[in-house]
Amino acid sequence: MILPIVAYGDPVLRKKAAPITQDYLKLDELIANMFETMYGASGVGLAAPQIGKAIRIFVVDATPFADDEDLSEEEQAQLKTFKKAFINPEIIEETGDEWAFSEGCLSIPGINEDVFRCPNIKIKYQDQDFKEHVEKFDGLLARVIQHEYDHIEGILFTDKLSSLKKRIIKSKLAGISKGKTNADYRMRFPEKKGR
Ligand SMILES: [Zn+2]
């Protein structure tokens with residue numbers, strides 16, 4: 001089932017999300033819905049707060065990035081098959097020289113800006129069967145994971161922009177919370193009046 005995506009300005013996007021336990025009700029259904037919602041909006045990642053739940057889950061499918069010809073064959077192959085749900089993740093390490101990449105967010109449609117992040121991460125997480133993994137990621141995969149991880153910490157990519165950039169997009173962000181956007185997927189706006 002496709003769920004509405006929560007727009008910028010909703011307090012749920014600012015909460016530090018809570019861990020979940022193995023007895024969380026209908027977890028498989030929730031994760032399936034998150035993937036479906038993400039695909040419906042042509043996204044490469046979606047975090048639970050974006051569907052209104054302040055819990056520590058995000059899903060990633062980096063397949064659309066695999067066509068980037070600037071990437072090595074190895075990286076393309078890795079991206080092509082990368083589809084994962086991360087439960088109770090914890091980034092243990094971020095290393096390397098920060099690099100810029102133009103990010104966007106399904107909760108902030110129409111805004112894309114360069115964000116600087118470290119290229120290498122080490123992350124601990126549980127899979128859908130609550131089996132624990134510790135893995136290293138780099139490049140675009142690390143980038144998507146860092147963006148989604150920020151969501152469960154209550155952080156948005158626009159927080160990481162320069163104060164000048166923040167000033168420039170301020171009114172656009174305010175518009176998004178009021179429903180002024182032409183996103184082609186279902187959204188829920190915190191400040192939209194009426195229905
Ligand atoms: Zn996002």
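## Helix H4 and the position of Ile168

Ile168 is exposed, with a relative accessible area of 58% (buried means under 20%, exposed over 50% and partly exposed in between, with a 1.4 Å probe and protein chains only). The residue belongs to helix H4, residues 163-177 (helices, H or I of at least four residues, and strands, E of at least two, are DSSP runs numbered from the N terminus). Between the C-alpha atoms of Ile168 and Glu135, which are 33 residues apart along the chain, the separation is 38 Å.

## Basis of the model

The model is predicted: local features need pLDDT of at least 70 and side-chain atom pairs count only at pLDDT 80 or more, while totals for chains, interfaces and linings use all residues. Residues are numbered from 1 along each chain as its sequence is written, and side-chain values use heavy atoms, with hydrogens and water left out.

## Zinc site

The zinc ion has three protein donors, Cys105 (SG), His147 (NE2) and His151 (NE2), at 2.1 to 2.3 Å. Donors are N, O and S atoms within 2.8 Å of the metal (3.2 Å for Na, K and Ca); water is not among the atoms, so sites may look incomplete. The spacing of the donor residues in sequence is C-x41-H-x3-H.

Both histidines lie in helix H3 (residues 139-152), four residues apart, which is about one turn of the helix. His147 is counted as buried because its relative accessible area is 9%, and His151 is likewise buried, at 2%.

## Residues with positive phi

Most residues other than glycine have a negative phi. Asn88 is located in strand S4, residues 83-95, and is buried, since its relative accessible area is 18%.

Phe130 also has a positive phi, near 65°, and is not a glycine. Its place is the loop between strand S7 (120-126) and strand S8 (132-138). With 14% relative accessibility, Phe130 counts as buried.

## Negative surface patch

Asp67, Asp68, Glu69 and Asp70 form a negative surface patch. Patches are made of residues with over 30% relative accessible area and no salt bridge, with like charges joined within 9 Å and nonpolar side chains (Val, Leu, Ile, Met, Phe, Trp, Tyr) within 5 Å. A salt bridge is a side-chain nitrogen of Lys or Arg within 4 Å of a carboxyl oxygen of Asp or Glu.

Asp67 is situated in the loop between strand S3 (57-61) and helix H2 (73-80). Its relative accessibility is 61%, and Asp67 therefore counts as exposed.

Note on methods:
Accessible areas come from the Shrake-Rupley method with a 1.4 Å probe; for residues, only the protein chains shown count as cover. Lys and Arg count as positive and Asp and Glu as negative; His and the chain ends are not counted. The place of a charge is taken as NZ of Lys, CZ of Arg, CG of Asp or CD of Glu.
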